[in-house]
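Visitor: I'd like to learn how to read a few packing features. Could you walk me through them?

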Amino acid sequence: MADYEGIPPEVAMLATQLRHVCHVHEALQRIVHELERRALVHDRSKLSPEEFPGFARINATARNFPYGSPEYVASLRAERPTIERHTTNNSHHPEAHQPIKDMGFLDILEMVCDWYAAAATYGTSPMDLAKQRGRFDWTPEQWWLIEQVASFLSPKVPT
């Protein structure tokens, strides 16, 4: 604590408030910088020699067949090793966390942004959270956060 002895209370209050605002700013900036870092490296591994060929084939199917269609599911099955490598090595995928309850809020933020982008990219916007809800054993707190982020990104998200 700073020593404000002999300083008028109004000045001490201003100094304290300014210190508080600076600490909040610094904390929020740390989160912003981590989110910016994640934005820069998101799915970069898909460009690696190990993942690129498989994801090129999946992408070709996804551009021609809707999410969940038999053709889409078959392409995922055919590229299982590529997908498993990707999802277990990228923390924004639930498969990277065992147990799922260990998936933290920054990973969940990135994951929902990924869902949002996939829906927008492949023409299935808005996100369909109902398809995602049963895929993993989310905690109530995780699902609340998923809904909050989805609502922020797309206010008309079905739950």
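Guide: Let's start with burial: buried means under 20% relative accessible area, exposed over 50%, and partly exposed in between (1.4 Å probe, protein chains only). At 9% relative accessibility, W138 therefore counts as buried. W115 is buried too, at 13%. Bear in mind that this is a predicted model, where local features need pLDDT of at least 70, side-chain atom pairs count only at pLDDT 80 or more, and totals for chains, interfaces and linings use all residues. Residues are numbered from 1 along each chain as its sequence is written, and side-chain values use heavy atoms, with hydrogens and water left out.

Visitor: How many aromatic pairs are there?

Guide: Rings of Phe, Tyr and Trp (its six-membered ring) pair if their centres lie within 6.5 Å; planes under 30 degrees apart are stacked, over 60 edge-to-face, the rest tilted. That gives 3 aromatic pairs here. One of them joins W115 and W138 edge-to-face, 6.4 Å centre to centre with 75° between the planes. F136 and W138 also pair edge-to-face, at 5.5 Å and 70°. W115, F136, W138 and W143 make up one aromatic cluster.

Visitor: And what about a charge over a ring, which residue sits over F55?

Guide: The rule asks for NZ of Lys or CZ of Arg within 6 Å of the ring centre and within 35 degrees of the ring normal. In this model, the charged end of K46 sits over the F55 ring, 4.6 Å from its centre.
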